[in-house]
Amino acid sequence: MPTTTEVSNWFGDLVSKPKVVAEAKSVKDIQKILKDPEKFPSPVRAFGSNHSTAACAAADGGTMIRMKAMNRILEITEDTVTVEAGAILIDVAQELRKQGKQFFVNTEIGNLSMGSAACAGTKDGSMPGEFGQVSSYCTRMKLVLPSGKILEASEESDPELMKMLRCSYGTFGVVTEATFRIRAMEPMEVFHETFSVKDYCARLPELWARGYSMMYYMFLYDEKVTCEFRKYNPKAKGLRELHVWPLRNYLWSDLGPRTCFQAERDIADKKARYKLIDVFGGTWRWNLENLIKSKNTAAPDQMIRYPEVSGDNRYTFSLWAFPESEYAKILPAYTKWVKSYYKTKGYRTNMLHVGYRIAKDQMSTLSYSFDGNVMTIDPVSTANPGWTKFLDDFNVWCSERGGAPLPNQTFGFTRAQAVKALGARLDTMAAKRAEFDPGNRLLNPFFKTFFGV
Ligand SMILES: Cc1cc2nc3c(=O)[nH]c(=O)nc-3n(C[C@H](O)[C@H](O)[C@H](O)COP(=O)(O)OP(=O)(O)OC[C@H]3O[C@@H](n4cnc5c(N)ncnc54)[C@H](O)[C@@H]3O)c2cc1C
């Protein structure tokens, strides 16, 4: 198996220096790795596409297991799909589509590996009556434990263990296979509406009552929010409108970040640079409102296949989730805070913010919407100078206001902040985890801190 010294996440800002990077081709390969600490030193961390924006997959001095080659779709039934952990969401979605099927949660990130989808955090605006986290639809998992033994768990056999495995991040064992519930494809309606921050917050109860999913683009320096509303529309007539999601995806994953990156690089004067970025935000809103609307789109078309190696259009982000009942107070206060942060500290994010409304979800022990519906604040950036320091301050701001972080998507949160948000659920996870991994073979410093080991 090849060795290397550096593996960076997709964005390129988190670099790990493992002693070994092992390519898993089979369950046996993973068993061999876990049983041989001499050749494959600890910590051992499996990884999929390494798209995480936090250091959760890092294994400095240890072993990183690349799961990519274990990418077979094993079985599609009427209402489930079983896949190997290295398959990616967009590839599986395309196969399902051929049979008129789709996932429940169709994140824009098509590169999400199914192993990560099963055992790590995700977010998408919850469709009416549904969850917004992919793992909540995972019904069965197969893992290799640090002992080399195979663990198979399912909703039927052990629902309580499944709740922990769905947020285990490879700290119980390496996921090799997972089964997800799927559904028949249905036409999906989408449209956008722009509000002032004040108006958006005042009208939230009315917007929730509309019965649509809500994801929103926030242009906070102009105090504007453009909300994406979606719901299934089984009565849609005519042909699917195929241009809608590709156009959204182009704006979100290419033109948007590329323009902001170039403005950051080429316009030295801050005032001029951010004026241009805010004007560009106006164009973005116009496109969303006027072009990205249809009564008949397909949910899998939302997925983006990001390039293997990121280019000038790369972006990164962070995230905190807040109880939706507090959001009408939180968002205006946050808007004031980021504006004043720019004035007093000279830093502002060079892209927009986004947010998601995610339904109450107790399918995983560490769910960030365990106690009720949440709405998130996700600053997005091409990592302009000052970004990391900003995120430290952002973490403090959000934690003080009752926010919850997501281990693979919130950069730089502290153990104290995790304890405040997750309380006893974190202890429950830590205790159960230790039963499966008594030698802490799977814990990197990130998870040692997280679990207080
Ligand atoms: C440009 C961009 C857009 C994004 N958009 C979204 C979005 O719309 N929605 C969303 O929810 N997220 C989004 N994300 C975040 C991303 O989906 C998550 O961070 C996700 O975990 C990435 O999947 P991955 O396969 O790259 O996981 P990795 O980063 O490779 O791994 C995530 C965690 O899971 C563990 N792990 C991975 N595979 C296994 C396995 N087989 N067994 C055990 N443990 C394993 C890793 O050790 C790590 O701790 C985005 C990220 C980027 C960079």
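This note goes through the domains, the nonpolar cores and the salt bridges of the structure above.

1. Basis of the note. The model is predicted, so that local features are taken at pLDDT of at least 70 and side-chain atom pairs at pLDDT 80 or more, whereas totals for chains, interfaces and linings use all residues. Residues are numbered from 1 along each chain as its sequence is written, and side-chain values use heavy atoms, with hydrogens and water left out.

2. Domains. The domain assignment, which is automatic or from a database, divides the protein chain into domain 1 (7–66), domain 2 (73–185) and domain 3 (188–416). The centres of domain 2 and domain 3, taken over C-alpha atoms, are 25 Å apart.

3. Interface of domain 2 and domain 3. Contact (heavy atoms within 4.5 Å) joins 38 residues of domain 2 to 42 residues of domain 3. The buried area, meaning the accessible area (1.4 Å probe) lost when the two parts are put together and summed over both, is about 3300 Å², with carbon and sulfur atoms giving 54% of it. Of the area that domain 2 buries against domain 3, Glu108, Lys123 and Met127 supply 23%, more than any other three residues.

4. The rule for a salt bridge (a side-chain nitrogen of Lys or Arg within 4 Å of a carboxyl oxygen of Asp or Glu) finds four across the interface of domain 2 and domain 3. With helices (H or I, at least four residues) and strands (E, at least two) taken as DSSP runs numbered from the N terminus, the elements that give two or more residues to the side of domain 2 touching domain 3 are helix H2 (89–98), strand S8 (101–103) and helix H4 (159–165). H2 gives the most to that side, with six residues.

5. Nonpolar cores. A nonpolar core is a set of buried Ala, Val, Leu, Ile, Met, Phe, Trp, Tyr and Cys residues joined through side-chain atoms within 4.5 Å, where buried means under 20% relative accessible area, exposed over 50% and partly exposed in between (1.4 Å probe, protein chains only). The largest core has 140 residues, and Phe103, Phe180, Tyr200, Trp252, Trp284, Leu331 and Phe390 touch the most other members. Helix H9 (residues 324–345) contributes the largest share of this core, seven residues. A second, separate core of six residues includes Val7, Phe47, Ala57 and Ala59. Leaving aside residues up to four places away in sequence, Trp284 touches Tyr217, Phe219, Leu251, Trp252, Gly256, Met351 and Leu352.

6. The side chains of Asp124 and Arg230 meet in a salt bridge at 3.5 Å, N to O. This pair links distant parts of the chain, 106 residues apart, with Asp124 in the loop between helix H3 (114–119) and strand S9 (138–144) and Arg230 in strand S14 (residues 224–232). Asp124 counts as buried at 10% relative accessibility, and Arg230 is buried with a relative accessible area of 2%. Asp124, Glu228, Arg230 and Arg248 are linked in a network of salt bridges.

7. Two further pairs. Glu177 and Lys142 form a salt bridge through their side chains at 3.7 Å, N to O; Glu177 lies in strand S11 (residues 174–184) and Lys142 in strand S9, so the pair ties together parts that are 35 residues apart in sequence. In the salt bridge between Lys163 and Glu160, the closest N and O atoms are 3.4 Å apart, and both residues lie in helix H4, three residues apart, about one turn of the helix. Lys163 is partly exposed at 26% relative accessible area, as is Glu160 at 48%.
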